[in-house]
Amino acid sequence: MELETVALEFLMLADRAEVLNGKLYVMGGGYDRRTIDNMDVPLTLSMVVGVLVPWNLTNQPHTIRLTLQTEDGTTVGQQVQGQLTVGRSAQAISGQMFRVMTVVNVTTPLPRLGAYRVIATLDNGDSKAATFYAVSSETPAKQAG
């Protein structure tokens with residue numbers, strides 16, 4: 001696969017994740033629903049991003065932004081922005097693309113139950129989104145009937 005531009009390969013949500021020596025370690029990953037026991041306790045989540053960088057775009061900075069939003073588009077907490085620069089190792093094969101994975105761990109209060117979306121955006125406009133639903137741990141009362 002030949003890649004002409006930097007691309008977001010994946011975005012995943014997890015309870016906890018980290019990248020060590022180019023490998024991703026995930027606990028509780030890939031969910032679309034988080035049970036909330038107490039709205040007064042901030043939510044902790046890991047935002048996992050995989051980026052593909054082509055050979056010709058190594059050794060230069062690329063900006064990525066991560067935003068957590070409510071279903072109506074209101075930003076929750078602060079947007080996270082950072083830069084990644086990929087070099088070429090001595091073992092690199094001419095023309096290869098490089099996968100870079102990063103994890104951003106955040107702890108933030110949620111304003112209410114409902115749908116939330118994490119959006120990852122590169123400086124070239126490429127983006128991915130992951131949606132999750134914050135749901136109550138309480139069992140709804142039975143309806144009379």
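How many of the 145 residues of the protein chain count as buried? The share is 37%, where buried means under 20% relative accessible area, exposed means over 50%, and partly exposed is in between, with a 1.4 Å probe and protein chains only.

A word on the source. This is a predicted model, where local features need pLDDT of at least 70, side-chain atom pairs count only at pLDDT 80 or more, and totals for chains, interfaces and linings use all residues. Residues are numbered from 1 along each chain as its sequence is written, and side-chain values use heavy atoms, with hydrogens and water left out.

Now the fold. The protein chain has 9 strands and 0 helices. Both are DSSP runs numbered from the N terminus: helices are H or I with at least four residues, strands are E with at least two. The C-alpha atoms fill a box of roughly 70 × 25 × 25 Å along the principal axes. Take contacts with a separation of 6 or more: 71% of them come from residues 24 or more positions apart. Contact here means heavy atoms within 4.5 Å.

The accessible surface of the protein chain is about 8,700 Å², and carbon and sulfur atoms hold 47% of that. The areas come from the Shrake-Rupley method with a 1.4 Å probe; for residues, only the protein chains shown count as cover.

Next, charge pairs. Side chains of opposite charge can pair when their charged atoms come close. The structure holds 3 salt bridges. The cut-off is a side-chain nitrogen of Lys or Arg within 4 Å of a carboxyl oxygen of Asp or Glu.

Pair one is Glu-9 with Arg-99, closest N and O atoms 2.6 Å apart. Glu-9 sits in strand S1 (residues 7-20) and Arg-99 in strand S7 (residues 98-108), so this pair links parts of the chain 90 residues apart. Glu-9 is partly exposed, at 29% relative accessible area.

Pair two is Arg-34 with Asp-15, at 3.5 Å between the closest N and O atoms. Arg-34 lies in strand S3 (residues 33-36) and Asp-15 in strand S1, so the pair ties together parts 19 residues apart in sequence. Which partner is buried? Arg-34 is buried, at 16%. Asp-15 is partly exposed, at 38%.

Asp-72 is in the loop between strands S5 (61-70) and S6 (75-85), and Arg-112 is in the loop between S7 and strand S8 (114-122). Asp-72 is exposed, at 54%. Arg-112 is partly exposed, at 36%.
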